[in-house]
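Trainee: Could you take me through this model feature by feature, giving the general idea before the particular case?

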Amino acid sequence: MTEKTNMVTSPENPAPPASSTLLGNLASALHRSSIIVDGTCPGDHWSKNFDQWIAGGATCCVVTVTSTESARDTMTALADLFKLLRDNGDRLVLATTTEEIRQAKVDEKLAVVIQFQGTHPIEYDSNLVELYGRLGVRIVQLTYNQRSAVGDGCEEPGNAGLSEFGHKIVGELNRLGIAVDLAHTGERTSLDAIETSTSPCIVSHSNCRSVHESKRNLSDKLIRAVTEKGGVIGLNGFPAFVNPKDAPTLDHLIDHMIHIDSMAGSGHVGLGLDYYQCGADKYEQFLSSGLWHPDSYPPPPWNFPAGIEDPSTLHRLTDRLVERGYTDDEIRGVLGENWMRIFDKIWSKT
């Protein structure tokens with residue numbers, strides 16, 4: 001068994017040939033039988049490529065429907081997703097409970113959970129939270145990098161806290177059993193939300209600032225605050241948040257999991273791989289709008305960690321975790337059961 005508490009940043013550390021086949025068989029069986037949840041799938045990329053998640057053995061995709069769109073545009077985006085689900089009913093199914101996710105596994109379908117990255121769709125009307133909840137939204141991220149009516153994003157230099165309206169929104173999300181997501185959210189706003197929330201907060205797709213410096217990654221203080229209240233953090237495969245190299249390795253990604261485990265113990269890490277690619281025009285649009293900053297988001301194309309370059313290769317993460325000496329229960333937790341536990345706790349309030 002490899003020493004999993006030490007960070008490993010070499011490309012590979014293969015087992016001896018005689019045992020590699022056995023490890024591979026064990027990993028393959030484990031992967032096939034596990035609930036696998038990708039906690040963040042950007043909707044425009046996912047909708048064109050969801051077959052890759054199916055090929056990779058995913059059970060559930062948390063799909064971003066909107067980030068900075070208005071309520072009207074968000075309704076159109078939801079309608080488009082519902083049509084996609086209807087047109088692909090033999091492969092896709094909307095899920096609003098953990099039971100529906102587990103049933104999707106049995107039925108060999110890909111469960112879809114609706115996520116908002118940001119609270120712009122709520123505008124200034126807290127009553128819209130219930131409307132979106134009734135339409136199936138189960139995860140709402142408080143901000144998207146910038147300042148919003150709720151609080152400051154992680155790119156805002158002022159680092160202001162949760163606004164009065166933000167406190168109201170967190171209360172509504174709690175009441176309706178919708179997960180409060182702190183990805184892309186400023187530190188002070190996040191800490192205020194954790195203190196205010198009656199349910200554990202999640203971070204759908206972020207890594208550790210102590211492992212790799214980035215405004216999008218979490219400080220140790222914030223990691224402790226999230227995990228001490230039972231929250232889960234999704235490992236983000238977007239290369240700029242994994243390692244300074246243009247092409248990070250799978251072990252670089254696992255380094256972030258090791259860091260969280262070292263502070264909080266196992267059970268607080270899931271996947272939020274954030275597979276996304278865009279062209280130069282859209283990238284420039286994000287920069288000019290201020291949504292993205294070039295020091296946090298280098299130009300595309302982006303090389304996701306070697307070995308899991310796209311969702312069809314998710315089994316290689318399981319392979320590597322087996323090689324690194326993680327137990328079956330620990331691996332099942334990271335692949336999806338940690339998300340399932342926290343979703344069940346939050347969503348059961350409905």
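Mentor: Let us begin with exposure: R32 is exposed, with a relative accessible area of 56%, where exposed means over 50%, buried under 20% and partly exposed in between, for a 1.4 Å probe and protein chains only. This is a predicted model, in which local features need pLDDT of at least 70 and side-chain atom pairs count only at pLDDT 80 or more, while totals for chains, interfaces and linings use all residues. Residues are numbered from 1 along each chain as its sequence is written, and side-chain values use heavy atoms, with hydrogens and water left out.

Trainee: How should I read a pocket, and which residues are the closest to the centre of the largest one?

Mentor: Rolling a probe the size of a water molecule over the atoms shows where empty space is left. On a 1 Å grid over the protein atoms alone, a pocket is an open set of points where a 1.4 Å probe fits, with protein on both sides within 12 Å along at least five of seven lines, and lining residues have an atom within 4 Å of a point. The largest pocket has a volume of about 740 Å³, taken as the space filled by probe spheres set on the points, which are joined across faces, edges and corners. Its lining has 33 residues, of which G43, D44, T64, V65 and S67 are the closest to the centre. Two or more lining residues come from each of α2 (43-55), β2 (60-66), α3 (71-87) and α10 (280-289), and α3 gives the largest share, six residues.

Trainee: Which residues have the most contacts inside the largest nonpolar core?

Mentor: A nonpolar core is a set of buried Ala, Val, Leu, Ile, Met, Phe, Trp, Tyr and Cys residues joined through side-chain atoms within 4.5 Å. The largest has 84 residues, and W46, L142, L182 and W292 have the most contacts inside it. Helix α9 (residues 250-264) contributes the most to this core, with six residues. Apart from this core lies another, of 19 residues, including V37, A179, I342 and W347. If contact means heavy atoms within 4.5 Å, and residues up to four places away in sequence are not counted, W292 touches Y144, N145, Y276, Y283, F286, L287, Y297 and W302.

Trainee: Against which elements do the buried residues of α7 pack?

Mentor: In helix α7 (residues 187-196) the buried residues are T189, S190, D192, A193 and I194, and they pack against α6 (164-176) and α8 (220-228). Those of α8 are L222, I223, A225, V226 and T227, which pack against α7, β7 (233-235) and α9.

Trainee: Finally, which backbone angles deserve a careful look?

Mentor: Most residues other than glycine have a negative phi, and most peptide bonds are trans. E108, which is not a glycine, has a positive phi of about 60° and is found in the loop between α4 (98-107) and β4 (110-117); E108 counts as exposed because its relative accessibility is 74%. E123, in the loop between β4 and α5 (127-134), likewise has a positive phi, near 55°, but counts as partly exposed at 37% relative accessibility. The peptide bond from P300 to P301 is cis, with omega near 0°, and P301 is placed in the loop between α10 and α11 (315-323).

How values were computed. Helices (H or I, at least four residues) and strands (E, at least two) are DSSP runs, numbered from the N terminus.
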